[in-house]
Each structure stands twice: as C-alpha cells, then as structure tokens.
Amino acid sequence: AVVSTQSGHYGRGHYNMKFYLCSALLCWFAVQHARSDSSVNKKLLFPAELSIDNFVSLDPDFSEAQREISICAWVKTFRSDTQRYWFSYAIPSESNEILLSDKARYTWIFDHDLEEGSAVLAPNKWYHYCATWSAETHTLELYLNGRLEASESLSILGTMGTGGKLILGQDQDSFGGGFAVNQAFAGELYQLNILKKRLTEDKIEGLYRAGMCFDVGLNFYQSIILKWSDFLEAERHGFVEVVEGVCSKWEVLSDFIGQEITVNLIEHLKKHHAD
C-alpha cells in the first residue's frame, strides 16, 4: 500500500500498521499484567486432615457493601459428610452475618438460611459459586455453575454490618472464634472476589462460562472491594497453604482477545501498573 505524504491521507498500510502496533501493545500490557499479578495462578489449600487451626483471617472494610454484595469464587471440597463452612463473616452482635458452605441449604445471611437450597458440592470437583444479596429486594441468592440454585426473600430488614471479622475455612460461632472441627473446611479456593454490587444472573453466568482462568478484575475492578490477591496475602493459620493453581499465567492473554484500547482498559492498566 502507498502512503501519500503530500495530501496528509494515509493508505491501508498505515492502518494495518496501526492495528499491528495496537495489538502488540495490548499483548505487551497483558504479559506485564500476567507477570505482575501473582494471583493469576495461585489457590488456597485447606488440608484434608481437619483442624480448627486451619483458617485465613481478615478484617475487611464492608462500608461500601452495606446495601448489596456479591461473593464469587471457585470452590472444591474434599469431603461429602456434614456441611463444611468455607466463608464466615461475623460482627460482634451476629456471628452468622454471612456464612457459606459446601451445601446450598447452609447459606446464611443475617442468621437466616436458604431453606430451599438442595444442591451439595460433590467432592474433588470445581464449582463456580456466587452468593448475592440486596437490601432493596431483601433477597439472598445462590448461583452454582452459572445457574440460580436457590433464592429467598428475607423478612428481616437492615444493612450489612461493618467492623467484622472474615474467616476462610471455619465457622465463627463467636466473634473471631468458636470454631468446631466438624464444621471445618477441607478443600481448595480459587479466584475469590467480593463486590459491592449485586451481580445479575447474566453476569454470573458469564463469569462461569469465562472459566477459571478469567481475570474478574478486568471487567469488575471498579466494584471489587476484596480481590483474590487480598486473600492470598492475608494472615494464614495452621497448615493452610498458597499453592500453584490450575491456570498458566499466559491464560491472561485470552482476556485481551478482540479488545481495542478503551478507556476502561487504560484505567485498569493505570490501576494495576502504577509507576
């Protein structure tokens, strides 16, 4: 193709070159993202041997999630006996502010459970798990592998409590403790993210269909209040380990397929690749 320098107009070759340059830049940024984000291929392992000493603890700021929240993760349990609680958020006045287990029936918010839930996570299989709640609808919803498993409209009114303690791997029967070995979680967690909004069914299905290697932060970073790397960097107790995950760091390149350089992409890169 010919580039006309006199008229200031450029031929097809210029635009092809521009496209290739943009593609190269996107690939370069993606590689840098993959290299800098150590959470791309890490998971949390809770040992098969049960113990009340195995847990992860955080002191989250839920001030932005008082009226709606979504908790999404990939979950694998090693056991199929009694219910095993992998997520427990307690406040001083309520130990079951949020409580999530490997059995749908035992999904709790404000000490109210999902009575209609019947699904049970089969051992040694990965499940995409999303629990959502909204103060506007007063509804607690549980999605497994992109499909609505159960929902319940709660009679209790109120907002999410703040100043709480978040524990992974145990059920808090008292604020920050009260663990019982018959409720301890044994299994793996991957890509756990907490958002300050109630995700819709189509968004949750999209997350499931995007697969385990999808970087949730690329599309939802403005809504995330606790990202996966926050959990990996949190205080671990007992024999909980951070181990290699199921995805190659190069899988992050698939998140950029077909994308142009947009404002959202630039904002994401600025947030995660500050000088």
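Analyst: There are 2 cavities of 30 Å³ or more, where a cavity is a set of points, on a 1 Å grid over the protein atoms alone, at which a 1.4 Å probe fits but cannot get out, and where lining residues have an atom within 4 Å of a point. Grid points are joined across faces, edges and corners, and a volume is the space filled by probe spheres set on the points. The model is predicted, so local features need pLDDT of at least 70 and side-chain atom pairs count only at pLDDT 80 or more, while totals for chains, interfaces and linings use all residues. Residues are numbered from 1 along each chain as its sequence is written, and side-chain values use heavy atoms, with hydrogens and water left out.

The largest cavity has a volume of about 100 Å³, and its lining includes Cys72, Ala73, Trp74, His128 and Phe214. Strand β3 gives the most to this lining, with 3 residues, and β3 and β12 (187–195) each supply at least two; strands here are DSSP runs of E with at least two residues, numbered from the N terminus. By class the lining of the largest cavity has 7 nonpolar, 4 polar and no charged residues, counting Ala, Val, Leu, Ile, Met, Phe, Trp, Tyr, Cys and Pro as nonpolar, Asp, Glu, Lys and Arg as charged, and the others, Gly among them, as polar.

The second largest cavity holds about 50 Å³ of space, and among the residues that line it are Ile69, Ile71, Trp108 and Trp133. Here β8 provides the largest share of the lining, 3 residues, and β3, β5 (94–101), β6 (108–109) and β8 (127–134) each supply at least two. The class count for the second largest cavity is 9 nonpolar, 1 polar and no charged residues.

Strand β3 is largely enclosed by the rest of the structure, because 9 of its 10 residues are buried, meaning under 20% relative accessible area with a 1.4 Å probe and protein chains only. β3 pairs with β8 in the antiparallel sense over 8 bridges, a pair requiring at least two DSSP bridges, and Ala73 stands opposite Tyr129 in β8. β3 also runs antiparallel to β12, joined by 7 bridges, with Thr77 opposite Gly187.

Lys76 lies in β3, which spans residues 68–77, and counts as buried because its relative accessibility is 15%. Leaving aside residues up to four places away in sequence, Lys76 touches Asn124, Lys125, Trp126, Phe185, Ala186, Gly187 and Glu188, contact meaning heavy atoms within 4.5 Å.

Notes:
Helix = DSSP H or I, 4+ residues; strand = E, 2+ residues; numbered from the N terminus. Buried < 20%, exposed > 50% of the residue type's maximum accessible area, 1.4 Å probe, protein only. 1 Å grid on protein atoms, 1.4 Å probe; cavity = no way out; pocket = protein on both sides within 12 Å on 5 of 7 lines; lining within 4 Å.
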